[in-house]
Amino acid sequence: MPFCDQICTYCDFCKMVTSDHTKKEYMKALIKELEYYSDLLSHIETIYIGGGTPSSLDDDLLDAFLEELKLMVDMKQIKEFTIEANPNDVTDNWIKTLKKHHITRVSMGVQSMSENILKFLGRTHTAQIVEDAIKTLKKSKLNFNLDFLYAIPGQTKEDLEKDLNYIKKFDPHHISYYSLILEDKTVLNYLINKHKVDDFSEDLARDFGEIIDDKLNGIGYKKYEFSNYCKPGFESKHNLIYWNLEEYLGVGLNASSQFNYVRMINPRKISVYLNDINDKSLTMHHLEDFNPQLETLLVGLRKTEGIDLEQYKKKFKIDVFKLYPQLKKYIDLDLLKIEGSRLMFTNEGVYLSNQVFVDII
Ligand code: SF4
């Protein structure tokens, strides 16, 4: 759902602020695309409605879409059904719509609890709005994830500690805690290039990352991926599909899919997407280069438990060290380690993982 009420200064996702008319056209197209794949829908186990900001859709439009989806998917087979939200949109009525359609999980973008940082990021919510949204989520008893960011220009250690204290108080089932990445073609990138804002130092970002790991570990969260933490048993089943390089079907603008060892991506321009759907010519025509042996390693090593070397060999009929002999060098350097049959990053290795990945690629 590529719609947002505002555009954040750091965002390079596929998103737009648009009219109700376009949203309605888009939702019709999305249903047509789903119908096109109806045979595949009987096999799915998780659903994730991401964005953009899916919660920015009017309740009626969301309700109508979910009603159609229910006709195509047997909700009894769905083990996890997540929708993303902005705190401003989390109301009792919205929750009622989610429950009516068997949505089990909400992923809410908080990013920070400091007002100056929220303004700097271009977010429209305040810390008070987040607190109200959390109350509503807790009342709903839905499982929920909170997204936070760190290494934001201007962010202090006190800001970080405040966020971590709020996390303790909010007690979410799951936390995604990403280091802010400077993307091309964003307002933030422009501000930094023009020296209007100072970039965040890499050393301080690493300190912040360590503080986050320690604090979250101390309050009962398990880190199971570079940027993801959960209470026991609350790993995101859907995201694990990506990290285990299993098959997924993405529908909608710029959505990507992967099955039969092929990676496909839908158009990024809405006019092209709508035309293609209406001409019945959207057949996932844009194929991306995809090397399953490499991708399994790259995404698998993002998980704290790494990859299973025996399974890897069984799947690809070749030993991973034969394909990527440079891995041995990183074991000698204590950046990677083997435990049982698994290969994983060491704590130190996680912080230098980009260099390891560049070498492997
Ligand atoms: S709400 Fe999310 S998708 Fe929309 S502009 Fe902000 S970060 Fe990007």
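Visitor: Is Trp243 buried or exposed?

Guide: Keep in mind that this is a predicted model. Trp243 is buried, with a relative accessible area of 9%. The cut-off for buried is under 20%.

Visitor: What does its ring pair with, and how do I read the geometry?

Guide: Check two numbers, the distance between ring centres and the angle between planes; over 60 degrees counts as edge-to-face. For Tyr224 and Trp243 the centres are 5.8 Å apart and the planes sit at 70 degrees, so this pair is edge-to-face. It links distant parts of the chain, with Tyr224 in strand E6 (residues 222-225) and Trp243 in helix H10 (residues 237-243), 19 residues apart. Tyr224 counts as buried too, at 6% relative accessibility.

Visitor: How many aromatic pairs are there?

Guide: The count comes to 13 aromatic pairs. One of them is Phe148 with Tyr177, which is tilted: 5.6 Å centre to centre, with 35 degrees between the planes. Phe148 lies in strand E4 (residues 143-150) and Tyr177 in strand E5 (residues 174-179), so the pair ties together parts 29 residues apart in sequence. Both Phe148 and Tyr177 are buried.

Visitor: Which residues form an aromatic cluster?

Guide: Phe3, Tyr26 and Tyr273 form one.

Visitor: On to helices. Which residues of H13 are buried?

Guide: In H13 (residues 309-316), Leu309, Tyr312 and Phe316 are buried. Look down the helix axis and the buried residues of H13 fall within an arc of 55 degrees, so they line one face. Over on the other side, Glu310, Gln311 and Lys314 are exposed.

Visitor: What do the buried residues of H13 pack against?

Guide: Quite a list: helix H12 (292-300), strand E11 (307-308), helix H14 (320-323), strand E12 (336-339) and strand E13 (342-345).

Note on methods. Residues are numbered from 1 along each chain as its sequence is written. This is a predicted model: local features need pLDDT of at least 70, side-chain atom pairs count only at pLDDT 80 or more; totals for chains, interfaces and linings use all residues. Side-chain values use heavy atoms; hydrogens and water are left out. Buried means under 20% relative accessible area, exposed over 50%, partly exposed in between (1.4 Å probe, protein chains only). Helices (H or I, at least four residues) and strands (E, at least two) are DSSP runs, numbered from the N terminus. The arc is that of the directions from the helix axis to the C-beta atoms. Contact means heavy atoms within 4.5 Å. Rings of Phe, Tyr and Trp (its six-membered ring) pair if their centres lie within 6.5 Å; planes under 30 degrees apart count as stacked, over 60 as edge-to-face and the rest as tilted.
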